[in-house]
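Visitor: I would like to learn how to read the strands and helices of a model. Could you take me through one?

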Amino acid sequence: MRKNIVAGNWKMNCDLSETKVLLEGLTQSLPASLKADVIVSPPYTSLYYAFENLKDTPIMVASQNINENDKGAFTGEISAKMLKSVGVNYAIVGHSERREIYKETDALLKTKLDQALQNEICPIFCIGEKLEAREEGKHFEVVKHQLEKATFHLTAEDFKKLVIAYEPVWAIGTGKTASPEQAQEIHQYIRDLIANKYNQSVADEVSILYGGSVKPANAKEIFGQADVDGGLIGGASLKATDFLAIVDAF
Ligand SMILES: O=C[C@H](O)COP(=O)(O)O
């Protein structure tokens with residue numbers, strides 16, 4: 001059965017001392033029993049510190065990216081094996097900021113997913129349409145294309161290891177959130193795509209997260225939708241009390 005997951009994507013925020021403060025805030029106020037799996041995704045420079053300081057807690061650590069190669073002459077890059085060695089169990093792959101700013105293509109993302117899975121890192125694979133596509137009613141088409149091109153080569157066993165994050169680009173960092181009905185509609189569509197490609201039991205095992213301006217004030221309503229299994233949280237994950245309130249929203 002699929003899991004509830006709340007993942008915080010810190011993006012390019014938090015140096016080491018800020019990481020320390022944020023993690024202390026999280027661990028000191030962490031409820032004894034959690035309603036969701038909790039993941040934090042600090043920048044590379046804080047990953048090892050995060051792992052070391054969270055290993056006695058239920059909070060898991062994700063990277064915000066992963067390289068598609070094993071090793072070698074790729075100046076500035078970090079391999080899956082290196083990530084694994086500092087305690088990373090999840091990797092965000094295909095965030096819209098990487099697609100847009102760093103021109104990551106569906107073909108590249110496919111190889112990144114393979115690399116993560118080969119190294120036993122669970123990908124949090126991001127898909128979602130831009131505002132123009134939403135306004136033209138092409139959002140279903142966009143997410144179908146993104147999903148098919150990067151993931152449908154996977155076996156059912158590997159597909160079940162993915163977490164999908166639906167993040168409408170127009171809702172990221174803008175304060176605009178998809179309505180709970182809009183989120184449910186497209187999450188259900190994504191689950192149906194998975195069921196049609198694989199089968200219903202695979203579709204029922206994959207957690208589909210919503211991302212885009214999730215805050216303590218709107219999390220409960222969004223997470224209350226039948227096919228929304230949690231959230232990928234940007235801005236609100238940088239404040240421990242807000243992030244924990246979102247975790248508690250189930
Ligand atoms: O990865 C997280 C998303 O980009 C959402 O960011 P946000 O919560 O700041 O809108």
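Guide: Start with one residue pair. This is a predicted model; in it, Phe125 has Ile164, in strand 6, as its bridge partner.

Visitor: Which strands do the four bridges join, and how do these strands run?

Guide: In general, the strands of a sheet pair through backbone hydrogen bonds, parallel or antiparallel. Here the four bridges connect strand 5 (residues 122-127) with strand 6 (residues 163-166), and the two run parallel.

Visitor: In what order do the eight strands close into a barrel?

Guide: The order is 1-2-3-4-5-6-7-8, with parallel pairing. On average, neighbouring strands of this sheet are turned by 25 degrees against each other, ignoring direction.

Visitor: Which strands does helix 2 touch?

Guide: Helix 2 (residues 44-54) packs on the sheet against strand 2 (37-41) and strand 3 (60-63), and its direction is at about 170 degrees to that of strand 3. Helix 7 (residues 139-151) lies across strand 5 and strand 6, at about 150 degrees to strand 5.

Visitor: What span should helix 7 have?

Guide: At 1.5 Å a residue, its 13 residues should span 18 Å, and the end C-alpha atoms of helix 7 are 18 Å apart, so the two agree.

Visitor: Which residues of helix 7 are buried?

Guide: An α-helix has 3.6 residues a turn, so residues three or four places apart point the same way. In helix 7 the buried ones are His139, Val142, Val143, Gln146, Leu147, Ala150 and Thr151. Viewed down the helix 7 axis, they fall within an arc of 120 degrees and therefore line one face.

Visitor: What covers these buried residues?

Guide: Their cover includes strand 5, strand 6, helix 5 (106-118), helix 6 (131-135), helix 8 (156-159) and helix 9 (180-197).

How values were computed
Residues numbered from 1 in each chain as written. Predicted model: local features only at pLDDT ≥ 70, side-chain atom pairs only at ≥ 80, totals over all residues. Pairing = 2+ DSSP bridges. Axes fitted to C-alpha atoms, helices over the stretch in contact; angles between N-to-C directions. Contact = placed C-beta atoms within 7 Å. Expected span 1.5 Å × (residues − 1). Buried ≥ 20, exposed ≤ 12 C-beta atoms within 10 Å, placed from the backbone. Arc of directions from axis to C-beta.
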